[in-house]
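I set out to record, entry by entry, what I looked up in this structure. Each entry takes up one topic.

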Amino acid sequence: MNPIPQYLLTAFDASYANVLWGSALFLVAVFIIYSLFLLYHWLRYGEKRPAIRFCMFLYFGVSFMLFGSLFIALSNIAF
Amino acid sequence: MGYQLESNESKLLERRKHWFIIVVDLIGVGILALIPFILYGMLIGKTFTIGAQTIVIYLPTALFIFLGSAWLLIFWMRAVGVWTDYYLDVWTITNKRIIDQEQKGFFHRETSIFRLDRIQDVTVETHGIIQTLLHFGDIHVQTAGERRKFIMHGIANPRDVRAMILRAQDAMSDRYASNTEQNQTGL
């Protein structure tokens with residue numbers, strides 16, 4: 001096994017799957033908080049403009065696609 | 001919105017920064033997002049020897065997709081944040097005031113309002129070949145208020161905007177003059 005991840009697993013006493021799932025869930029938490037910040041600003045200052053609405057749809061659409069591929073890949077690695 | 005229109009006040013113009021500015025910012029984010037993929041494409045399959053260890057650059061497909069999706073997601077969030085910051089910076093010119101709304105970061109928004117009758121000088125500045133060819137630049141506005149000078153950076157067609165400010169200022173002066181005349185006649 002590659003020495004660098006082997007060291008990380010030993011140092012944190014974690015399994016490979018736990019590290020990946022933990023990283024994914026941390027990313028979900030960061031995404032939720034960041035998205036709430038963005039939504040607040042869009043709704044407060046966006047003045048219901050079409051560009052803001054388009055951006056909202058695009059942002060959540062692309063984000064969910066990326067999350068989909070992330071979790072599908074994760075389930076293939078560590079399930 | 002951050003401000004209320006007064007009675008008999010109407011919007012004449014609303015402007016954001018020139019599109020070139022956001023494109024440059026987004027290209028920067030895009031390049032950073034793609035660097036790991038480019039490096040991986042260049043290094044895949046190559047062998048490195050460190051001491052007694054031989055390291056082969058390789059990632060299983062599922063792990064590559066996982067890491068790639070996570071990386072792209074982070075930079076996608078950043079790109080949308082950059083666009084939001086750009087879009088929420090607005091200059092509004094009415095027949096009475098100039099309103100400068102600037103989003104400086106999350107939960108940091110600055111709204112400055114300058115009355116047209118307080119404006120003393122309007123200067124247009126265009127730097128370099130790109131600004132000249134794409135017709136954008138800075139407008140420096142000197143006022144008689146507490147904040148003596150404010151600058152609109154990267155505004156499209158700055159000469160037209162300056163002309164509009166000066167026309168609106170002249171119209172405001174004419175309105176005051178005619179109101180004063182009517183009041184004096186009334187007396």
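**Entry 1: a sheet in chain B**

I began with strand 7 of chain B and strand 8 (residues 136–143) of chain B, which run antiparallel and are joined by six bridges. I took two strands as paired if DSSP finds at least two bridges between them. Helices (H or I, at least four residues) and strands (E, at least two) are DSSP runs, numbered from the N terminus. Within this pair, B:Thr123 stands opposite B:His140 in strand 8 of chain B. I then looked up the whole sheet: it is open, has three strands in the order 7-8-9 (chain B), and its pairing is antiparallel. Strand 7 (119–125) and strand 9 (149–156) of chain B are its edge strands, since each pairs on one side only. From one strand to the next, the twist averages 20°. Axes here are lines fitted to C-alpha atoms, for helices over the stretch in contact, and angles run from 0 to 180 degrees between N-to-C directions. I noted as background that strands of a sheet pair through backbone hydrogen bonds, either parallel or antiparallel.

**Entry 2: conventions**

I noted that this is a predicted model, in which local features need pLDDT of at least 70 and side-chain atom pairs count only at pLDDT 80 or more, while totals for chains, interfaces and linings use all residues. Residues are numbered from 1 along each chain as its sequence is written, chains are lettered from A and ligands numbered from 1 in the order in which they are written, and side-chain values use heavy atoms, with hydrogens and water left out.

**Entry 3: a hairpin in chain B**

I looked up strand 2 (residues 47–50) and strand 3 (residues 53–56) of chain B, which pair in the antiparallel sense over four bridges. B:Thr47 has B:Val56 in strand 3 of chain B as its bridge partner. Two residues lie between the strands of this hairpin, and B:Gly51 there takes a positive phi near 65°.

**Entry 4: helix 1 of chain B**

Helix 1 (residues 19–43) of chain B has 25 residues. From its first C-alpha to its last it reaches 36 Å, close to the 36 Å expected at 1.5 Å a residue; the expected span is 1.5 Å times one less than the number of residues. Where does helix 1 of chain B have a kink? The kink, of about 35°, lies at B:Leu34, shortly before the proline B:Pro36. The bend at a residue is the angle between axes fitted to the seven residues ending there and the seven starting there.

I found B:Ile22, B:Val29, B:Ala33 and B:Tyr40 of helix 1 of chain B to be buried. Buried means under 20% relative accessible area, exposed over 50%, and partly exposed in between (1.4 Å probe, protein chains only). The buried residues of this helix pack against helix 2 (61–87) of chain B, where contact means heavy atoms within 4.5 Å. Just after helix 1 of chain B, B:Gly45 takes a positive phi of about 85°.

Most residues other than glycine have a negative phi. B:Asn157 has a positive phi of about 45°. B:Asn157 lies in the loop between strand 9 and helix 4 (158–186) of chain B and counts as partly exposed, at 33% relative accessibility.

**Entry 5: chain A**

Chain A has three helices and zero strands. Of its 79 residues, 29% count as buried. Helix 3 (residues 50–77) of chain A has 28 residues. Its buried residues, among them A:Leu70, A:Ala73 and A:Leu74, pack against helix 2 (16–45) of chain A together with helix 2 of chain B.

**Entry 6: where the chains meet**

The contact takes 28 residues from chain B and 34 residues from chain A. The two chains bury about 2800 Å² between them, 78% of it on carbon and sulfur atoms; buried area is the accessible area (1.4 Å probe) that two parts lose on being put together, summed over both. In chain B, B:Phe66, B:Trp76 and B:Met77 lose the most area to chain A, together 24% of what that side buries.

Is B:Phe66 buried or exposed? B:Phe66 is buried, with a relative accessible area of 4%. B:Phe66 lies in helix 2 of chain B and touches several residues of chain A, including A:Leu20, A:Ala24 and A:Ile77.

Note on methods
Lists of a residue's contacts leave out its neighbours within four places in sequence.
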